[in-house]
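Please open the model in your viewer and keep the selection tool at hand.

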Amino acid sequence: AIEAWRKAPTHGGGWITAAREEVKCPITMSVMHDAVLTCDGHSYERAAIIQWLRRHASSPKSNLPLSSKALITNHNLALLARTIAALDGDAAG
């Protein structure tokens with residue numbers, strides 16, 4: 001499957017460029033390796049959002065109050081990050 005994605009047309013980098021941006025944490029701007037969802041549906045690197053939530057009760061993306069500080073592992077985003085790393089030839093991803 002990875003080989004097929006590698007060969008797929010990207011129309012100037014379109015989907016792969018967009019996907020690379022989606023796997024970046026909006027707090028750290030680094031690729032997320034342990035992505036979690038907050039109650040407002042946004043994803044963050046676990047360590048970064050835990051640190052944020054120690055000082056804030058709001059969303060880092062919208063600045064709106066969060067009704068809960070519960071975090072849910074984002075398995076789909078983790079899969080996307082691993083897929084992109086494989087496409088890029090990064091075995092560590």
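A residue is called buried when its relative accessible area is under 20%, and exposed when that area is over 50%. The model on display is predicted.

**First stop: the sheet.** Select residues 35-37, which form strand β1. The three strands make an open sheet, ordered β2-β1-β3, with antiparallel pairing. In general, strands of a sheet pair through backbone hydrogen bonds. Two bridges link β1 with β3. To view this pairing, select L37, which lies opposite I72 of β3.

**Second stop: the helix on the sheet.** Now select residues 46-55, helix α3, which packs on the sheet and touches β1, β2 and β3. The directions of α3 and β2 make an angle of about 100 degrees.

Select N74, in the loop between β3 and α4 (75-87). Is N74 buried or exposed? Its relative accessibility is 11%, so N74 counts as buried. Display the side chain of N74: it reaches the backbone nitrogen of L77 at 3.0 Å. Beyond its neighbours within four places in sequence, N74 is in contact with A35, V36, L37 and S43.

**Last stop: R54.** Return to helix α3 and select R54. R54 has a relative accessible area of 67% and is therefore exposed. Finally, select K69 as well: the C-alpha atoms of R54 and K69 are separated by 9.6 Å, while the two residues are 15 residues apart along the chain.

Technical notes: Residues are numbered from 1 along each chain as its sequence is written. This is a predicted model: local features need pLDDT of at least 70, side-chain atom pairs count only at pLDDT 80 or more; totals for chains, interfaces and linings use all residues. Side-chain values use heavy atoms; hydrogens and water are left out. Two strands pair if DSSP finds at least two bridges between them. Helices (H or I, at least four residues) and strands (E, at least two) are DSSP runs, numbered from the N terminus. Contact means heavy atoms within 4.5 Å. Axes are lines fitted to C-alpha atoms, for helices over the stretch in contact, and angles run from 0 to 180 degrees between N-to-C directions. Buried means under 20% relative accessible area, exposed over 50%, partly exposed in between (1.4 Å probe, protein chains only). A polar contact is a pair of N or O atoms within 3.5 Å; within protein, one must be able to donate a hydrogen and the other to accept it, and residues adjacent in sequence count only if both atoms are side-chain atoms.
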